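I opened my notebook today to look a few things up in a protein structure.

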Amino acid sequence: MEAVETRWQRVWAWMRGAQAERVLRGLVVVLAAFFVALFVYTAARRLHYPYDLEWVESGVLASVARIVHGQPLYAKPTLDYVPFLYAPLYFYVCAVMTKLTGVNFVALRLVSAMSALATQALLMLYVRRETRSWLAGIAAAGIFASLYLFVEGWFDIGRVDSLFLLLFLLAIYCTRFQHPLLAAMVWVLAFQTKQSVLPIAVIFLLTYWEQKRPMRVVMALGAYAVLACASIAWMNHVSDGWYSFYVFGAVKGLPASARLAALYPGETLLRPLGIVFAVIGAAALLTPVSLRSRKTAFYAVGSAVLYAAFWFVRAHRGSGNTMEAIYLWTLLLFGMALARLIAAMSRGELGGAVWVNVLLIAVVFQMVSQIYSPGEFLLSAAQRADRDNFEEQLRAIPGDVYVVNHSWDAVMASKQAHAEGEAVGAVVDAGGAQSAAFKDEMQRAMMGHKFAAIAIDGGYRDYEKWITPEELAEYPVHVAAWGSENPRVLTSQPVEILLPCSAIASGLAAKIAMPGNVPVANCR
């Protein structure tokens, strides 16, 4: 017993010394660098994978290809092409990147990965400027990088999210430190990446209000309104009005879930960042703040708006990628809280310097809790072979093939790309004349056997909104797609190829079937 007490006394004595603080500070820096390097390694390993890592990547690349080939990003919804309901900036940035990489998934993922790295760097520099503490900035950036596991590898996926995060944080930074005109410009760029930020930008720009300088807020809001309206008008001009149809008119929210709303504080926020929130709470309670300062008002208003907004998003079934921005904001608050607590403890307040080391140990635990293996996000050789074989299945089918949620697979098989199911579902859900016209076009195509085959995802049933059972009955022969028994990392993938009855007599169904797999036919 005495030996145990002596050992704990030695540990406590070491914890009270300056050497322990140096070691723990160094460990925080090393762990932050480790997570950034781990992300770079994982993203580099996935960068050149020739197929989509996530189903929307395919349609995004098809959209970028349209820009590269001089076609409009926004156009009337047809069986050949339906745009996603996203603002355009990411697509145009990726189109520029294709000049270096070619028209492939590398361009999309490179833009996303570089944006994620830039976001981590900006977070570090932001916290450093706000607190004058490099350690706090490095810790915040390192923890954000460590969330790659919790957000299921979204940082380098070829979608708008990572570029939006960079512009979102840059807009907040400019609103906090820079001229109102510059802040307004960056907020418009963020809006033209993800239109949902439009009202949030207005609230942040209102924080420019100062009684002695009221024109600053007028300048900020005026510039934002003018620039946003000008960009909308320009996009409508070049798209014959289809930009507003998709970015504003066709957007329809998902139904709310009381369960997800209730789980938001614990499951969405505290589960990945429990220690982070404890540090923020401790700083709010134990270190004094000036309630009348613009800085306090800025972060108080920002927190109220963002935590409420993302609660609403999560309640309406927002997934992991939609929560990345609230994690970014939380880690900005964390960096400032960490610096305030360390400064107070170093001055002998709040129990003295020994608690600096306790705090740093907590930060280390937060980081270590998110360690992951890159193998969780890499495609195996067997999965790559399955996708290669699926492409061979498509190539072996003479004629047009509708790959419902992976249009670029059709392109790679030398087939024509068609409208992505995810984009079509949004237009159909919006209702109205365009929805009816699309369903009518699909009916004519299906009943007239326009397609030699249709490839569908097993977990995705929304296509039933625009393909009726009678239309599907025209393709009653089902052949398993290669890879259907060896699923990929993210979302869904093709599981079945649907063929008309003539594929039995012609031998096509047997020709494309996997070894040992018998086509299922329901032909009359």
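**Entry 1**

I began with Glu392 and Arg395, which both lie in helix 16, three residues apart, about one turn of the helix. Keep in mind that I am looking at a predicted model. The side chains of Glu392 and Arg395 meet in a salt bridge, 2.8 Å from N to O. Are these two residues buried, exposed or partly exposed? I looked up Glu392 and found 46% relative accessibility, so Glu392 counts as partly exposed. Arg395 has a relative accessible area of 40% and is partly exposed.

Salt bridges that share partners also join Glu54, Arg159, Asp161 and Lys194 into one network. I made a note to come back to Glu54 and Arg159.

**Entry 1: salt bridges across the sequence**

How many salt bridges does a search of the whole structure find? I wrote down 17.

I picked out the one that Asp52 forms with Arg387, where the closest N and O atoms are 3.1 Å apart. Asp52 lies in the loop between helix 2 (18–47) and helix 3 (55–68), while Arg387 lies in helix 16, so this pair ties together parts that are 335 residues apart in sequence. I checked burial too: Asp52 is buried, and so is Arg387.

Then I returned to Arg159 and Glu54, whose side chains meet in a salt bridge of 2.9 Å, N to O. Arg159 sits in the loop between helix 6 and helix 7 (161–177), and Glu54 in the loop between helix 2 and helix 3, so the pair ties together parts that are 105 residues apart in sequence. Why does Arg159 count as buried? Its relative accessibility is 10%, and the cut-off for buried is under 20%. Glu54 is buried as well, with a relative accessible area of 1%.

**Entry 2: the nonpolar cores**

Next I asked which residues touch the most other members of the largest nonpolar core. This core has 154 residues, and I listed Trp187, Ile326, Trp329, Phe334, Tyr402 and Trp466 as the ones that do. Helix 14 (residues 324–346) gives the most to this core, with 16 residues.

I zoomed in on Trp329. Leaving out residues up to four places away in sequence, Trp329 touches Ile172, Phe204, Phe298, Tyr299, Gly302, Ser303, Leu306 and Tyr307.

**Entry 3: Ala140**

I then looked up Ala140, which is found in helix 6 (residues 134–146). With 0% relative accessibility, Ala140 counts as buried. What does Ala140 touch, not counting residues up to four places away in sequence? My list reads Leu123, Val127, Leu331, Phe334 and Gly335. I also checked Ala140 against Met336: the two are 196 residues apart along the chain, yet their C-alpha atoms are separated by 9.0 Å.

In what order do the strands of the open sheet run? I traced five strands in the order 1-2-4-3-5, with mixed pairing. At the edges I found strand 1 (401–403) and strand 5 (520–521), each of which pairs on one side only.

A reminder to myself: strands of a sheet pair through backbone hydrogen bonds, either parallel or antiparallel. Strand 2 (residues 453–457) and strand 4 (residues 494–499) pair in the antiparallel sense, over four bridges. I followed Ile454 across to its bridge partner in strand 4, which is Leu498.

Helix 16 (residues 381–395) turned up again here. This helix packs on the sheet and touches strand 1, strand 2, strand 3 (477–480) and strand 4. The direction of helix 16 makes about 10° with that of strand 4.

I ended with some loops. Arg132 has its place in the loop between helix 5 (105–131) and helix 6. Its phi is near 65°, a positive value in a residue other than glycine. At 74% relative accessibility, Arg132 counts as exposed.

His449, in the loop between helix 19 (432–447) and strand 2, also has a positive phi, about 55°, although it is not a glycine. His449 counts as partly exposed, at 36% relative accessibility.

Finally, I found Trp209 in the loop between helix 9 (198–206) and helix 10 (215–238). Setting aside neighbours within four places in sequence, Trp209 is in contact with Pro214 and Val217.

Note on methods. Residues numbered from 1 in each chain as written. Predicted model: local features only at pLDDT ≥ 70, side-chain atom pairs only at ≥ 80, totals over all residues. Heavy atoms only, no water. Core = buried A, V, L, I, M, F, W, Y, C linked by side-chain atoms within 4.5 Å. Buried < 20%, exposed > 50% of the residue type's maximum accessible area, 1.4 Å probe, protein only. Helix = DSSP H or I, 4+ residues; strand = E, 2+ residues; numbered from the N terminus. Contact = heavy atoms within 4.5 Å. Pairing = 2+ DSSP bridges. Axes fitted to C-alpha atoms, helices over the stretch in contact; angles between N-to-C directions. Salt bridge = Lys/Arg side-chain N within 4 Å of Asp/Glu carboxyl O.
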